[in-house]
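This briefing goes through one protein chain by topic, from overall makeup to single contacts. Please look over the sequence and the model before reading on.

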Amino acid sequence: RKSPVNSVTMTVTINGAVNFEGDYAMYNREYRLSDLVKAAGGFTEFAYPMGAYLNRKMTVEERRQREGAMRMSQIQMYEESMRSESDYNITLADSLMNLKLELSDVYPVAINLEKAMENPGGVEDIVLRESDVLTVPQYTGTVKISGEVRYPITINYKKGEKLSYYIKHAGGYSDRAKKGDVYAIYMNGGVSEVSKF
């Protein structure tokens, strides 16, 4: 039988604006974000903890669930095309589905590293999994505006400015833009709708 005191060493990685980047062994099952940052010697003076993000590798079960969901959407597309009797390219749909299934096994996890460090062991201080990669960026102070705008651009962040300020600096909306569906992707991986801001 497996000994309860012996286990395979699992590692996590931290990089970016910390004193000692690299791989670290998780010494217990409750190894958290704050533990990893402390092991790496803390943040450098240029670190931006609010923008930190975590990349996580899918488990076998998570990959199986993703593939199952994609297969279900493929079946629904076939059924809808048969009901509408429209000209539907099954070969193209299959090749697109195969491309989706070949997507990376790594996905982003939205975190709040600043709060995790303020309250070690709290709700924001999530437990890490093997092969997790934590990246702590330096503060950039810029906003990238892309999508259906006339001139995609990156400009300096200006505190207090509304959404219209940034859209105006990108030349305004293009003719195909859905103005009610504007969203922001934050450095830490979080996403929020900003069309009303």
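The model is predicted, so local features need pLDDT of at least 70 and side-chain atom pairs count only at pLDDT 80 or more, while totals for chains, interfaces and linings use all residues. Residues are numbered from 1 along each chain as its sequence is written, and side-chain values use heavy atoms, with hydrogens and water left out.

**Overall makeup**

- The protein chain has 5 helices and 9 strands; helices (H or I, at least four residues) and strands (E, at least two) are DSSP runs, numbered from the N terminus.
- Read from the N terminus, the order of elements is β-β-α-β-α-α-β-α-β-β-β-α-β-β.
- Of the 197 residues in the protein chain, 30% are buried; buried means under 20% relative accessible area, exposed over 50%, and partly exposed in between (1.4 Å probe, protein chains only).
- Among contacts in the protein chain with a separation of 6 or more, 59% are between residues 24 or more positions apart; a contact means heavy atoms within 4.5 Å.
- Accessible areas come from the Shrake-Rupley method with a 1.4 Å probe, and for residues only the protein chains shown count as cover.

**Nonpolar cores**

- In soluble globular proteins, nonpolar side chains tend to be buried together.
- A nonpolar core is here a set of buried Ala, Val, Leu, Ile, Met, Phe, Trp, Tyr and Cys residues joined through side-chain atoms within 4.5 Å.
- The largest nonpolar core has 21 residues, and I14, L36, I111, L113, L128, L134 and V136 have the most contacts inside it.
- Two or more residues of this core come from each of β1 (11-16), α1 (33-39), α4 (113-118) and β5 (133-136), with α1 giving the largest share, 3 residues.
- A second, separate core has 11 residues, including I145, L163, I167 and A170.
- Not counting residues up to four places away in sequence, the residues that L134 touches include I14, L36, Y53, L54, I111 and L113.

**Salt bridges**

- Side chains of opposite charge can pair when their charged atoms come close.
- The whole structure holds 4 salt bridges, each a side-chain nitrogen of Lys or Arg within 4 Å of a carboxyl oxygen of Asp or Glu.
- D132 and R56 form one of them through their side chains, at 2.8 Å from N to O. This pair links distant parts of the chain, 76 residues apart, with D132 in the loop between α4 and β5 and R56 in strand β3 (residues 53-57).
- D132 is buried because its relative accessible area is 1%, and R56 counts as buried at 10% relative accessibility.
- R64 and E61 form another salt bridge, with the closest N and O atoms 2.6 Å apart. Both residues lie in helix α2 (residues 60-84), 3 residues apart, about one turn of the helix.
- E61 is partly exposed, with a relative accessible area of 39%.
- The side chains of E148 and R176 also meet in a salt bridge (3.2 Å, N to O). E148 is in the loop between β6 and β7 and R176 in the loop between α5 (163-169) and β8, so this pair ties together parts that are 28 residues apart in sequence.
- R176 counts as exposed because its relative accessibility is 66%.

**Around E148**

- E148 sits in the loop between β6 (142-145) and β7 (153-156) and counts as partly exposed at 34% relative accessibility.
- Leaving aside neighbours within four places in sequence, E148 is in contact with Y173, S174, R176 and A177.
- The side chain of E148 makes a polar contact of 2.7 Å with the side chain of S174. A polar contact is a pair of N or O atoms within 3.5 Å; within protein, one must be able to donate a hydrogen and the other to accept it, and residues adjacent in sequence count only if both atoms are side-chain atoms.
- The C-alpha atoms of E148 and V182 are separated by 9.7 Å, and the two residues are 34 residues apart along the chain.

**Surface patch and a backbone angle**

- Y183, I185 and V191 form a nonpolar surface patch with about 360 Å² of accessible area together. Patches are made of residues with over 30% relative accessible area and no salt bridge: like charges are joined within 9 Å, and nonpolar side chains (Val, Leu, Ile, Met, Phe, Trp, Tyr) within 5 Å.
- I185 belongs to strand β8 (residues 183-185) and counts as exposed at 60% relative accessibility.
- S131, in the loop between α4 and β5, has a phi near 75 degrees, a positive value in a residue other than glycine.
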